[in-house]
Amino acid sequence: MDASRIASPVTGNVGSFFTGVGLLLRGLGLYVRSPKLMLLGMVPALISGVLFVAAFATLVYFVDEIAALVTPFADDWSSTARGLVRVIAGLAFLGLGGLLAVVSFTAVTLVIGDPFYEKISERVEERYGGTPGSVDVPFWSSLRRSLADSVRLVALTALVGIPLFLAGFIPVIGQTVVPVIGAAVGGWFLAVELVGAPFYRRGMRLPQRRSILKADRSTALGFGVAVFLCFLIPLGAVLIMPAAVAGATLLARRSLGQPIEER
């Protein structure tokens, strides 16, 4: 399958969504063209991955106790009803934990691996004509801004995740509709997070990149949801992270009206 063809401009929200998915596929193509650089990009993802897997495994281990703690009203119910409501509560906690873990993992990994991911992003920009409007931002200033924006995004994810967590208690809907909404929300925040490097390179902060991505929301969602789902696969986050950075650079260029086809 030709990833470049998938990512060519198309009309309609559904077509744009799959255009976003195609951008991730094109990012994966860098594994063939720049294998050493992409493999180096796995190192910070592996470090973050170990930490976040340990944290999520801890949540899984204690989820029964946490579910019982937040459902004291079910203590006097029949064992079947009590068990059902606590399974639902446990799934809601795991869903919220998964959403926060994926977005937080991305933020932490981008900070740890900033030099690697900056280089990957620059390599993509050079391949498609350079960076129009590039500004020289000192490293420490860029790092502070990146940290501040990442904290804001994670906090916003938590605020959005709380209603989703509560909706997770609704039978059937909480186990079917809510996970789909969660993937869409997580995908949007991942897209906003991952395009940070190319936007910073142009002197643009979080409010600007969020506004620009909203103008092509379907494409951003397609890219972000594809990354989100890949990150849920064991070792997926480690393997996909460098490709996600490359694909996000293409997403940023597309959103800014800059070429994403080789000349």
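**Figure 1. Accessible surface and overall dimensions of the protein chain.** In this predicted model, the accessible surface of the protein chain amounts to about 12800 Å², and carbon and sulfur atoms account for 70% of that area. Of the 263 residues, 47% are buried. The C-alpha atoms occupy a box of roughly 70 × 40 × 35 Å along the principal axes.

**Figure 2. Helical content and chain contacts.** The protein chain contains 12 helices and 0 strands. Among contacts between residues at least 6 apart in sequence, 78% join residues at least 24 apart.

**Figure 3. The aromatic pair F52 and F105.** In the pair of F52 and F105, the ring centres are 6.0 Å apart and the planes meet at 85 degrees, so the arrangement is edge-to-face. This pair links distant parts of the chain, with F52 in helix α4 (residues 35-70) and F105 in helix α5 (residues 79-112), 53 residues apart. F52 is partly exposed, at 22% relative accessibility, whereas F105 is buried, at 5%. Ring pairs also bring F231 into a cluster with F52 and F105.

**Figure 4. Arginine side chains over aromatic rings.** R209 is positioned over the face of Y200, 5.5 Å from the ring centre. R217 lies over the face of W188, at a distance of 5.1 Å from the ring centre.

Technical notes
Residues numbered from 1 in each chain as written. Predicted model: local features only at pLDDT ≥ 70, side-chain atom pairs only at ≥ 80, totals over all residues. Heavy atoms only, no water. Phe/Tyr/Trp six-rings, centres within 6.5 Å; stacked < 30°, edge-to-face > 60°. Helix = DSSP H or I, 4+ residues; strand = E, 2+ residues; numbered from the N terminus. Buried < 20%, exposed > 50% of the residue type's maximum accessible area, 1.4 Å probe, protein only. Lys NZ or Arg CZ within 6 Å of the ring centre and 35° of its normal. Contact = heavy atoms within 4.5 Å. Areas by Shrake-Rupley, 256 points an atom, 1.4 Å probe, with all protein chains shown as cover.
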